[in-house]
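The following exercises are to be worked with the sequence and the model at hand. Each task is followed by a solution in steps.

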Amino acid sequence: MFTVIGLMLAGMLAGYVLRRKRLAMIQPAITVLIWSLLYLLGVEVGGNEAIINSLHTLGMEAAVMTIGGTLGSVTAALLLWKALARGRKARTTGGTVPAGGGMLRALRGSLVIVGFFALGVASSLAGLVPGHVGARVSFYALCALMTCVGMGVGNDPETLKNFRSLNPRLVFLPAMTIVGTLAGTALVSLILTHRSLSDCLAVGSGFGYYSLSSIFITEYRGAELGTVALLANISRELLTLLTAPLLVRWFGPLAPISAGGATTADTTLPVITRVSGQEFAVLSIFHGFVTDFSVPFLVTLFCSL
């Protein structure tokens with residue numbers, strides 16, 4: 001736990017020191033490492049016969065966790081919106097999700113992730129890569145990934161600019177998302193009695209950051225729970241993309257941001273600005289950064305309990 005967190009913080013420091021020089025290779029390196037780690041997760045899953053035989057059950061668990069965590073987060077967002085509105089009528093008129101190519105572009109990252117995971121499973125089932133290789137290599141790849149993530153954050157000059165232009169009245173939204181999601185997944189643990197409270201909280205703490213959270217959970221709790229985390233957090237992103245107009249109408253304009261979790265600074269941002277309004281763009285980026293940054297800390301915390 002402390003090794004990977006320490007590497008992330010060290011990477012942030014290095015990125016900040018080198019902030020005058022754009023580290024153009026950081027994002028491509030992060031992408032390749034994420035693809036590699038998801039492939040290795042697939043290899044480990046494919047080499048475990050018990051997990052393969054229970055994939056349908058794991059998918060149902062993931063769906064329940066997705067619904068619980070998302071409902072908890074949007075409910076918390078609604079409470080914050082009502083508290084800030086102070087009796088004024090909130091604008092909750094919804095829009096539409098991007099059609100055609102816009103939706104496909106938003107989903108492309110998720111589809112690629114699923115593709116690498118499926119390729120790893122297929123490679124292991126075909127006997128091309130032994131299942132134990134995934135567990136052996138993944139920790140070192142994870143360390144490299146966290147170092148690169150930290151450097152990317154520290155080297156980005158837009159981060160502080162986005163924070164400075166944020167409406168201070170909405171600064172509590174990431175905290176509400178985190179608390180609401182954890183409350184929802186805690187309730188889910190009462191339904192999934194074979195999963196511990198810490199298991200459910202660890203999965204919920206992915207906040208839609210399916211790649212990183214599933215990698216962490218696989219490292220600390222095994223490939224079975226890592227697979228649940230991957231499916232649950234991909235589902236959260238897809239649910240946000242597909243239901244954003246309904247979330248605005250039922251839970252207010254902050255709801256799609258809260259539902260999107262860690263994805264609101266990138267993949268779900270176009271949908272959010274379309275249905276909630278352009279004025280929420282900076283808040284969405286800030287929210288995505290904070291929840292994104294919280295994922296490794298919270299996931300490893302709950303995995304260590």
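This is a predicted model: local features need pLDDT of at least 70, side-chain atom pairs count only at pLDDT 80 or more; totals for chains, interfaces and linings use all residues.

**Exercise 1. An aromatic cluster**

F289, F293 and F297 form one aromatic cluster.

Task: Determine whether the pair F293 and F297 is stacked, tilted or edge-to-face, and locate both residues in their helix.

Solution. 
Step 1. A pair of aromatic rings is described by the distance of the centres and the angle of the planes.
Step 2. For F293 and F297, the centres are 5.2 Å apart and the planes make an angle of 50 degrees.
Step 3. Planes under 30 degrees apart count as stacked and those over 60 as edge-to-face, so the remaining angles are called tilted. The pair F293 and F297 is accordingly tilted.
Step 4. Both residues belong to helix α14 (residues 281-303), where a spacing of 4 residues separates them by about one helical turn.
Step 5. F293 is partly exposed, at a relative accessible area of 24%, and F297 is also partly exposed, at 28%.

**Exercise 2. A second pair**

Solution. 
Step 1. Buried means under 20% relative accessible area.

**Exercise 3. Fold and nonpolar cores**

Task: Describe the make-up of the protein chain and identify the residues that touch the most other members of its largest nonpolar core.

Solution. 
Step 1. The protein chain contains 14 helices and 0 strands.
Step 2. Of its 305 residues, 52% are buried.
Step 3. Among contacts with a separation of 6 or more, 84% join residues 24 or more positions apart.
Step 4. The largest nonpolar core has 51 residues, and M65, L145, V203, L212, I217 and L230 touch the most other members. Helix α2 (residues 26-46) supplies the largest share of this core, 8 residues.
Step 5. Neighbours within four places in sequence aside, L145 contacts I30, L33, I34, L37, L212 and I215.
Step 6. Another core, of 12 residues, lies apart from the largest one; A77, L80, W81 and L283 are among its members.

Key: Residues are numbered from 1 along each chain as its sequence is written. Side-chain values use heavy atoms; hydrogens and water are left out. Helices (H or I, at least four residues) and strands (E, at least two) are DSSP runs, numbered from the N terminus. Buried means under 20% relative accessible area, exposed over 50%, partly exposed in between (1.4 Å probe, protein chains only). Contact means heavy atoms within 4.5 Å. A nonpolar core is a set of buried Ala, Val, Leu, Ile, Met, Phe, Trp, Tyr and Cys residues joined through side-chain atoms within 4.5 Å. Rings of Phe, Tyr and Trp (its six-membered ring) pair if their centres lie within 6.5 Å; planes under 30 degrees apart count as stacked, over 60 as edge-to-face and the rest as tilted.
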